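Let's take a friendly walk through a protein model together. Keep the structure in view and follow along as each part comes up.

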Amino acid sequence: ATGFRGTVRLSSTDGAATLGPDYAFTAGDAGAHAFTVTLATAGSHTVTVRSTLLPSITGFATTTVA
């Protein structure tokens, strides 16, 4: 969503994860931004980034922590 201008919130299936604060996209972001997340619990986890106003604007990544 290269034209997206809105705020997103991160969530994770790892209840002990450290997630960044909400992020407000600007025109300069062109729909892309790098987020720092620290997962703390072993196993498979999903991190989701979702618009606070448009739930259809959602992205996610799944990874495994050893």
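Phe4 and Phe25 are both buried, where buried stands for under 20% relative accessible area, exposed for over 50%, and partly exposed for anything in between, using a 1.4 Å probe and protein chains only. Phe25 counts as buried because its relative accessibility is 11%. Before we go on, please note that this is a predicted model, in which local features need pLDDT of at least 70 and side-chain atom pairs count only at pLDDT 80 or more, while totals for chains, interfaces and linings use all residues. Residues are numbered from 1 along each chain as its sequence is written, and side-chain values use heavy atoms, with hydrogens and water left out.

How many aromatic pairs does the structure hold? There are three. Rings of Phe, Tyr and Trp (its six-membered ring) pair if their centres lie within 6.5 Å; planes under 30 degrees apart count as stacked, over 60 as edge-to-face and the rest as tilted. Phe4 and Phe25 make an edge-to-face pair, at 5.5 Å centre to centre with 70° between the planes. Phe4 sits in the segment before E1 and Phe25 in the loop between E2 and E3, so this pair ties together parts that are 21 residues apart in sequence. The pair of Tyr23 and Phe25 is edge-to-face too, because the ring centres are 5.2 Å apart and the planes stand at 85°. Ring pairs join Phe4, Tyr23, Phe25 and Phe35 into a cluster.

Now look at the strands. Strands (E, at least two residues) and helices (H or I, at least four) are DSSP runs numbered from the N terminus, and two strands pair if DSSP finds at least two bridges between them. Strand E1 (residues 7-12) pairs with strand E2 (residues 23-24) in the antiparallel sense over two bridges, and here Val8 stands opposite Tyr23. E1 also pairs with strand E3 (residues 43-51), again antiparallel, over five bridges. In that pairing, Leu10 faces Val49 and Ser11 faces Thr48. E3 in turn pairs with strand E4 (residues 58-65) in the antiparallel sense over eight bridges, with Val47 and Ala61 as bridge partners. E3 and E4 form a hairpin with six residues between them.

Which residue forms a salt bridge with Arg9? The partner is Asp22, and the closest N and O atoms are 2.7 Å apart. A salt bridge here is a side-chain nitrogen of Lys or Arg within 4 Å of a carboxyl oxygen of Asp or Glu. Asp22 lies in the loop between E1 and E2 and Arg9 in strand E1, 13 residues apart. Asp22 counts as partly exposed because its relative accessibility is 37%.

Finally, find the largest pocket, which holds about 170 Å³ of space. On a 1 Å grid over the protein atoms alone, a pocket is an open set of points where a 1.4 Å probe fits, with protein on both sides within 12 Å along at least five of seven lines; lining residues have an atom within 4 Å of a point. Among the lining residues are Phe4, Val8, Phe25, Phe35 and Val49.

Conventions:
Points joined across faces, edges and corners; volume = space filled by probe spheres on them.
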